[in-house]
Protein chains: 2
Amino acid sequence: MGFAAASAVTPAGEGTWSAGIAPGWDVSGKAHGGYLLAIAARAAAAACRRPDPVSVTGHFLRPGRPGPVTVTTEVVHRGRRFSTVRAAVEGGGATLLAILGTFSDPTEQAGPVRLAGSPPLLPPPEQCVRLGLGDPFPRVFNERVDLRLPAEDAALTPMEGPLRLAGWFRFPDAEPVDPFGLLVAVDAFLPAAWRSDLAAAWTPTLGLTVHVRARPAPGWLRGAFTTRFITGGYLEEDGELWDSAGRLVAQSRQLALVPRP
Amino acid sequence: MGFAAASAVTPAGEGTWSAGIAPGWDVSGKAHGGYLLAIAARAAAAACRRPDPVSVTGHFLRPGRPGPVTVTTEVVHRGRRFSTVRAAVEGGGATLLAILGTFSDPTEQAGPVRLAGSPPLLPPPEQCVRLGLGDPFPRVFNERVDLRLPAEDAALTPMEGPLRLAGWFRFPDAEPVDPFGLLVAVDAFLPAAWRSDLAAAWTPTLGLTVHVRARPAPGWLRGAFTTRFITGGYLEEDGELWDSAGRLVAQSRQLALVPRP
């Protein structure tokens, strides 16, 4: 099932929305985090009747299993430009995810542009490794996304300094990536921290924040992810997504738990 | 009034806490953002009975005025290591701030350490400019914090590339910076974006996320702040706080609105 259908929400009473964790959108039986965030954000945007996420933070509480879920929403503030909503996803009798998000219409505002950064340099997608089709990355839900990494990144070649990983992202079958798809994309790559043997294991996400700067142009997205600080039992991962027009469309930051030795 | 007293919360019924925006903790009559976030986080931590914030995100809805406020809290999840709480600060009949936070005890966990970054190089505090005591920065609530910047940073000297600003932070009168004080510190510096004439004006914070990595050691904190992307009507500011023992104690990221030309 494609992303739009798999993340759709339908009204189910005052501030409540029905949705489902679709088969194949899980990783070893656990709902993909960015996908679950996208479901919650769709419901929150519907609740405040503003189409575009501007800043969404989710805290992951329990793994979600494929099957029906309910999203409860509360509009905390309706402003002239922005509305702020909190929401929670419930499934299997438990709360899986809590989010706080601000929404607008449209995301992109006129204004000055100054960029100290640019899209990652990548070989063309057809020269990259497509993840998940029979390779050793079963955690990647790769029939649902088309994720392509340069050979060094796909091999998780260890590196000095900041740990970085970059690559291409799109949905299969030319399905467009809407602003909610960006929430999936920032969480779809392999963890950059896997390029260190200190954290080359499951690093569960505690919280994920995504800022959306613009609706992406059609075509491939380029993503670049960096982990600089593994300390105190935690690590951060900062992400950038750039669209095919070369625009920064989203930034992300997550806090993840470092596996204990 | 010192930080601990100015940010104290007292129980006021099921899930509800009384607090106040103390005089002097405002900037031109508006409650300082990080300070308001600290009040909300204190109530949230009290609600879940876990002392240390791990990741806290606040979305700022309306300016807070000095005077009494109420914090309503809801514990969304109680786990073995972490509890997640949402809270809202109300004052003057309106909701000022909504937060989502995860709390733990203690913040710092054992684990591997790998740092691709270090504290900013700064002249000693006595060779820096103390902000706010009669200088042109009235927005800084400088009798409440002791904030010192190198001359170039204090002068907001324009720069190429990423916009950076760094300096020293402590509370006056040797008041220790507890983990909630870190929420003030990440929002206490001048905006790094002010080193560009594109955004050298009031840049209201839409959302602020703080990750706490460790309880700070006594003494000065060093803070470093960077803005790389001004686009789409928004800018991000990423911060790091380092304690006197040279440890990374917090990271922050905020999304702010770029003033319209």
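This is a predicted model: local features need pLDDT of at least 70, side-chain atom pairs count only at pLDDT 80 or more; totals for chains, interfaces and linings use all residues.

**From one hairpin to the whole pair of chains**

Residues are numbered from 1 along each chain as its sequence is written, chains are lettered from A and ligands numbered from 1 in the order in which they are written, and side-chain values use heavy atoms, with hydrogens and water left out.

Strand S6(B) and strand S7 (residues 83-91) of chain B pair in the antiparallel sense over eight bridges, and the two strands form a hairpin with four residues between them. When I say strand or helix, I mean a DSSP run, numbered from the N terminus, of at least two residues (E) for a strand and at least four (H or I) for a helix; two strands pair if DSSP finds at least two bridges between them. S6 (residues 67-78) of chain B is also joined to strand S2 (residues 16-21) of chain B, antiparallel again, by six bridges, and there Gly20(B) has Pro68(B) as its bridge partner.

Pairing also crosses from chain to chain, where strand S9 (residues 114-115) of chain A runs antiparallel to strand S15 (residues 229-231) of chain B, with two bridges joining them. Within that pairing, Arg114(A) has Ile230(B) as its bridge partner.

How many residues of chain B are in contact with chain A? The count is 64 residues of chain B, in contact with 64 residues of chain A, where contact means heavy atoms within 4.5 Å. Together the two chains bury about 5800 Å², 58% of it on carbon and sulfur atoms, and buried area here is the accessible area (1.4 Å probe) that two parts lose on being put together, summed over both. Arg114(B), Arg213(B) and Arg253(B) supply 14% of the area that chain B buries against chain A, more than any other three residues.

Between the chains there are six salt bridges, each being a side-chain nitrogen of Lys or Arg within 4 Å of a carboxyl oxygen of Asp or Glu. One of them links Arg228(A) with Glu240(B), whose closest N and O atoms are 2.6 Å apart. Strand S17 (residues 248-257) of chain B gives seven residues to the side of chain B that touches chain A, the largest share.

How are the two chains related?

I will finish with two local details. A cis peptide bond, with omega about -10°, joins Asp105(B) and Pro106(B), and Pro106(B) lies in the loop between strand S8 (94-104) and strand S9 (114-115) of chain B. In chain A, Ala174(A) has a positive phi of about 60° although it is not a glycine.
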